[in-house]
Amino acid sequence: MPRLLLSFLLGMLGLAPPAWAQQQARILLKVAPDSQHFWCRYTVWLPAGSARSPRFLNLDRRFTVIRVRSPRLSGLSIQPYLYAPFQDTVQRIALAHPGLKQRRKRVTITYEGTLSDRYATDQVMEFSRSTLWLPFVPYQEDAPLAYSLDVQVPASYTVVSTRPSRKARAGHFRFRGRTSAIEPTALVGRNFHQLTAAPPKPAVTVIKANPLLRADTLLLAEATRICSYYNQTIGRRDSIARFTVLLPGTNRNAFALLDNAVDITYSDFDVRKREDRLILAHEISHKWWAYGSISTYEEWLNEGFATYSGLLYLRAAGDTAGFRTELDKRLASAAGAPPILGFDRSKYDYPTIRRVVYAKGTAVLHALHTRVGDDVFLRLLAATAARKTATTEGFLTLVGQEAGPDTQRWLREQLAR
Ligand SMILES: [Zn+2]
């Protein structure tokens, strides 16, 4: 039975809807661009059995919580605390409910804040993964979330996201989608400039806060070639029909969003430079490489794979010299780094974490590629992507299936040394 229909019938009978494994959220965001201020009402349905009471949500500590509501809420505390992945930047909202631990819980948090200049310019206010503007369950920032996002802005402003709005009228924009918990995205500005690739698919769209330049036309063409290449290789069992490149011009970083999108904030981004081309290919490949935990060594399944995918694109696009140069840099960085398997990132500094997760991950994949050849390697990557593989053990199982037990044993040794 379709979930919505079942939910509706249970609602008619006055029963609570069943516990869906996935979190759902309804978000209302009101933005005042003149003052960089925002107000947000975030309602989440936490799955049943997801945690014992008290349950916790994290929120950026610079934001002010106005109100927390939840049926049968019996206790509430809000305290800044040290949360390892984001250090001392969050506050913890602890919610106690009596009994009924098996029922899913609706929680509504109303809060407000002002975006710093890192996320706001004269042209745009950026509410993205990087802004960390939404509450999230600790260690579940990348759990799947089905969301609706309503954004209200002054009538002379407009709002764009990783996908087109479902409804838009003066000052009101609605988006719906499914992404990771901290990734619902809204860019607010007076005017956005847009470029879309002509068919054949994939339909890539570039959305920019500042006026378009020739570099953006080249970016659109390059992103389209990259999506096509991945659709035929790593993504051939899970191909994409649309992709969005957001260019807010906030000049900070570049990162992938699970909802077939990247957010590239550099205003001088130019794919004629090899480094930028590689960043674009790396970030687009995260569409397929995003399921390893970012707080353990399993992150090599994201970053090692994305780095090597970017290099493969460079080679496929004809830049074999670039492929070799960039690969050699990673191999040199990987030499002497601690083993990937069991790597305890809490004991090392960030440069060492990067050497293991990015460079050594790339080196191991290159060694595997060299051992099994193009056909088996790409079949293996396509299977790994299609399964949304989240653990090294899961990857080793696929290696055993696609390349045989000897290679599986060999790879385990590579990962352990
Ligand atoms: Zn990456």
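**Sheets, helices and domains: a quick chat**

Q: Which order do the strands of the five-stranded open sheet take?
A: The order is β14-β15-β16-β18-β17, and the pairing is mixed. Keep in mind that this is a predicted model.

Q: Which strands sit at the edges?
A: β14 (193–196) and β17 (254–257) are the edge strands. Each of them pairs on one side only.

Q: What is the average twist there?
A: From one strand to the next, the twist averages 15°.

Q: How do β15 and β16 pair, parallel or antiparallel?
A: Parallel. Strand β15 covers residues 203–208, strand β16 covers residues 242–247, and six bridges link them.

Q: Which residue of β16 is the bridge partner of K208?
A: L247 in β16 is the partner of K208.

Q: What holds paired strands together, in general?
A: Strands of a sheet pair through backbone hydrogen bonds, and the pairing can be parallel or antiparallel.

Q: Back to this model. Which strands does helix α2 lie across?
A: Helix α2 (residues 214–232) lies across β14, β15 and β16. Its direction is at about 145° to β15.

Q: And which strands does helix α3 lie across?
A: Helix α3 (residues 274–285) lies across β16, β17 and β18 (261–264). α3 runs at about 25° to β17.

Q: At what angle do α2 and α3 pack?
A: At about 45°, and their axes are 10 Å apart. The two helices are therefore oblique to each other.

Q: Is that crossing left-handed or right-handed?
A: The crossing of α2 and α3 is right-handed.

Q: Which residues meet there?
A: From α2, they are E222, A223, I226, C227 and Y230. From α3, they are R277, L280, A281, I284 and S285. The contact of α2 with α3 divides into seven nonpolar residues, one polar and two charged.

Q: New topic. How is the protein chain divided into domains?
A: Domain 1 is 22–189, domain 2 is 193–283 and domain 3 is 297–416.

Q: What distance separates the centres of domain 1 and domain 2?
A: Taken over C-alpha atoms, 26 Å. Their contact takes 19 residues from domain 1 and 17 residues from domain 2.

Q: Which strands supply the domain 1 side?
A: β8, β12 (172–180) and β13 each supply at least two residues of the side that touches domain 2. The largest share, three residues, comes from β12.

Q: What kinds of residues are on that side?
A: On the side of domain 1 that touches domain 2, four residues are nonpolar, ten polar and five charged.

Q: You mentioned β8 and β13. Which open sheet has them?
A: Three strands form an open sheet in the order β8-β13-β10, with antiparallel pairing. The edge strands are β8 (124–127) and β10 (158–160). The twist averages 20° from one strand to the next.

Q: How many bridges join β10 to β13?
A: Three, and strand β13 spans residues 186–189. In β13, G189 is the bridge partner of T158.

Q: Last one. How do helices α6 and α8 pack?
A: At an angle of about 155°, with their axes 11 Å apart. That makes α6 roughly antiparallel to α8. The crossing is right-handed.

Q: Which residues make the contact of α6 with α8?
A: α6 brings V364, A367, L368, R371 and V372. α8 brings T407, L411, Q414 and L415. Six residues of this contact are nonpolar, two polar and one charged.

Conventions:
Residues numbered from 1 in each chain as written. Predicted model: local features only at pLDDT ≥ 70, side-chain atom pairs only at ≥ 80, totals over all residues. Pairing = 2+ DSSP bridges. Helix = DSSP H or I, 4+ residues; strand = E, 2+ residues; numbered from the N terminus. Axes fitted to C-alpha atoms, helices over the stretch in contact; angles between N-to-C directions. Parallel < 35°, antiparallel > 145°, perpendicular 65-115°, else oblique. Left-handed = near helix turned anticlockwise from the far one by under 90°. Contact = placed C-beta atoms within 7 Å. Nonpolar A, V, L, I, M, F, W, Y, C, P; charged D, E, K, R; others polar. Domains from an automatic or database assignment.
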